[in-house]
Amino acid sequence: MNYTDGQLEQKSLKLRRSVVKWIKHAGAGHTGGSLSCIDILNVLYNRILNVSPENFTSPDRDRYVQSKGHAVEALFVVLADAGFFDESDLETLCCYQSHYVGHPTRKVNGVEQNTGGLGHGLPICVGTALAGKMDAKDYRVYTLLGDGELAEGSNWEAAMSAAHYKLDNLTAVIDCNTLQIAGRTADVMNSEPLVEKWEAFGWAVRRIDGHDIAALTEALRDPLEAGKPSMVIADTVKGRGVSFMEDVGKWHHGVPNDEEFAKAMEGFDMQLAAKEGALS
Amino acid sequence: MYSPEASALAEEIGLKKGKANLEVFAATVEALASSDPQVVAVVSDSRGSGKLGPFGAAYPKQLVEVGIAEQNLVGVAAGLASAGKKVFAVSPSCFLTARSLEQIKNDVAYSDNPVTLVGISSGVSYGALGTTHHSLHDFAALRAINNLHVVCPADNYEAEQAVRAAAVLEKPVFLRFGKAALYSLGSEAEQAFEFGKARLLRYGDDLAFIATGETVAHALLAAEKLKREQGLEARVISLHSLKPFDVDAVLAAARECGAVVTVEEHMVNGGLGEACAAAILEAGVGDCLFHRVGIPDEYTVTGSQADIFRHYGISMEGLFSTAGQMLERV
Ligand SMILES: Cc1ncc(C[n+]2csc(CCOP(=O)(O)OP(=O)(O)O)c2C)c(N)n1
Ligand SMILES: [Mg+2]
């Protein structure tokens, strides 16, 4: 289906509402970092990736590996929306014997790789992109990293190899929400200046507003530069869409109480009403 | 974590709920730091999960943050220790003992830098966060490294003693802590804590539970149930030190009871059970019945820590029936 930017913005609101709903239902989850990356996943799954429940076993499909695995609730609601499974499956999120647990596993339809230990997605994607080059395949490979996650040395080992092998079929996105568990990334372990670092490692880099559907579409569609891996630094707001969670560190893995939950749902209803008004 | 029946029994035999060992660890490190400016905690975006927020606030110069970089955490800890700091390197056990294994082996153990490695939220403490966050390999991996104590306290008393002992040992130590609130298991006066010396929590000679860490309380409750319902006298040993290993306590249990059930929050491959089995076989106690309870070699069932324990029989009820089947009474 071809969505307009406005329709995708509307979808992002619904997806965010689902994220909060399922985290409340499960009584656990990574709220802030799931809300910050929804627009990125929405654009990837609804505009960019050649991947669907029908072609998921095809060797020619595009790949998305979520390196920041803790934002699994974002991935789950987007996969459900894309038809990989019924959203009501998430009734069992985090329950005994459910495949829907707090990090992505391949037991869930649509999940490419088990992630959750940070710093694994990029190396895996380098391998998959390299295989694509070896076999002259057209598929593209995408991964999503957290800004705190960049402290893992494995990312920089992979960064070097991606440039070395000229993997222009690989795009990495940083969900740059400036927060990690212990506080501001700049205070915990500063990862900036990101543009200069990735350029120095041989990547083509673009820094954009990570909530801007048009900018995301443009940055994610094609390689930024032939012969180089692409890095999209997406500036985002942790907890995006819930007023009292936005840019507040404690919502990294907070679950809203009943009152907070009601307030969050009310906020989404208002945002959705405004969006529907604008679209009609 | 405990069924209503188990909780009731715990109350009847006077077990008191304490804190999580993780909290005891953090409070003890803070107490040590108050009189020793050389005490340093190194964290990898793990001060919150390590309950070290108050420590960091009280002694900001003694908390080193390396960001989400566990290999760097252990390397930096080794360097700090080599320059005379009393270092606690604190990170979830799943990452600390897998990702940083080479640093543990080379920079800490074989280079003999006296770092205390603190694996937090170990075993299946993280429950439904899933397999990436479980550490079911840490005993096996670390038992295979020379010059490293491997210690898994069962209650708050053992936890505090282990932290204090590690601080003065001047040798590499791995401490493994969970995050569930734990029962206090025994009279503290009766036995001094010592690395390599198992703690006898209950005497018996019909069978022995040799358990470690958060599983020990379940064994203690199972022993009481066996006594009440089967008239069996079960010995319960908290084998907090996987290394150094209390061979004497294990052999005494095997010889005097003739039946041993080991219990651990770890995969049965390479853990406490295999350590006990090797000791018993090597000593020629050939007629000892023996059974390992732990996480089997399969994709670990999903759910909370309590769900996972129950599923694999790490519970009063599970251990009661394992023991019963072993002795062919049930
Ligand atoms: C190897 C590893 N170390 C530590 C963790 C625990 N952890 C989970 S999320 C997180 C913070 C991540 O921060 P960031 O990458 O900025 O993600 P976001 O802000 O998008 O949630 C940490 C330390 C982990 N999952 N993996
Ligand atoms: Mg972040």
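The model is predicted, so local features need pLDDT of at least 70 and side-chain atom pairs count only at pLDDT 80 or more, while totals for chains, interfaces and linings use all residues. Residues are numbered from 1 along each chain as its sequence is written, chains are lettered from A and ligands numbered from 1 in the order in which they are written, and side-chain values use heavy atoms, with hydrogens and water left out.

**Magnesium site in chain A**

- The magnesium ion (ligand 2) is coordinated at 2.0 to 2.1 Å by Asp147(A) through OD, Asn177(A) through OD1 and Leu179(A) through O; donors are N, O and S atoms within 2.8 Å of the metal (3.2 Å for Na, K and Ca), and sites may look incomplete, as water is not among the atoms.
- Asp147(A), in the loop between strand 2 (141-146) and helix 6 (153-164), and Asn177(A), in the loop between strand 3 (170-176) and strand 4 (179-180), are 30 residues apart and link distant parts of chain A; helices (H or I, at least four residues) and strands (E, at least two) are DSSP runs, numbered from the N terminus.
- Both Asp147(A) and Asn177(A) are buried, a term for under 20% relative accessible area, with exposed over 50% and partly exposed in between (1.4 Å probe, protein chains only).

**Interface of chains A and B**

- The contact (heavy atoms within 4.5 Å) takes 28 residues from chain A and 21 residues from chain B.
- The area buried between the chains is about 1,900 Å², with carbon and sulfur atoms giving 54%; buried area is the accessible area (1.4 Å probe) that two parts lose on being put together, summed over both.
- Of the area that chain B buries against chain A, Asp45(B), Ile68(B) and Arg99(B) supply 30%, more than any other three residues.
- One salt bridge is counted between the two chains, and the side chains of Arg99(B) and Glu152(A) meet in a salt bridge at 3.3 Å, N to O; the term requires a side-chain nitrogen of Lys or Arg within 4 Å of a carboxyl oxygen of Asp or Glu.

**Helix 13 and buried residues of chain B**

- Helix 13 (residues 316-326) of chain B is largely enclosed by the rest of the structure, because eight of its eleven residues are buried.
- The buried residues of helix 13 pack against several elements of chain B, including helix 1 (4-12), helix 9 (216-230) and strand 14 (289-295).
- Ala6(B), found in helix 1, counts as buried at 3% relative accessibility and, leaving aside its neighbours within four places in sequence, is in contact with Leu221(B), Met316(B) and Glu317(B).
- Arg235(B), placed in strand 11 (residues 234-238) of chain B, counts as buried at 4% relative accessibility.

**Salt bridges within the chains**

- Over all chains, a search of the whole structure finds 33 salt bridges.
- In chain A, the side chains of Asp247(A) and Arg184(A) meet at 2.9 Å, N to O; Asp247(A) is partly exposed, with a relative accessible area of 37%, and Arg184(A) counts as partly exposed at 29%.
- In chain B, Glu65(B) and Arg47(B) form a salt bridge at 2.8 Å, N to O, and the pair ties together parts that are 18 residues apart in sequence.
- Arg310(B) and Asp307(B) form a salt bridge at 3.4 Å, N to O, and both lie in helix 12 (residues 305-311) of chain B, three residues apart, about one turn of the helix.
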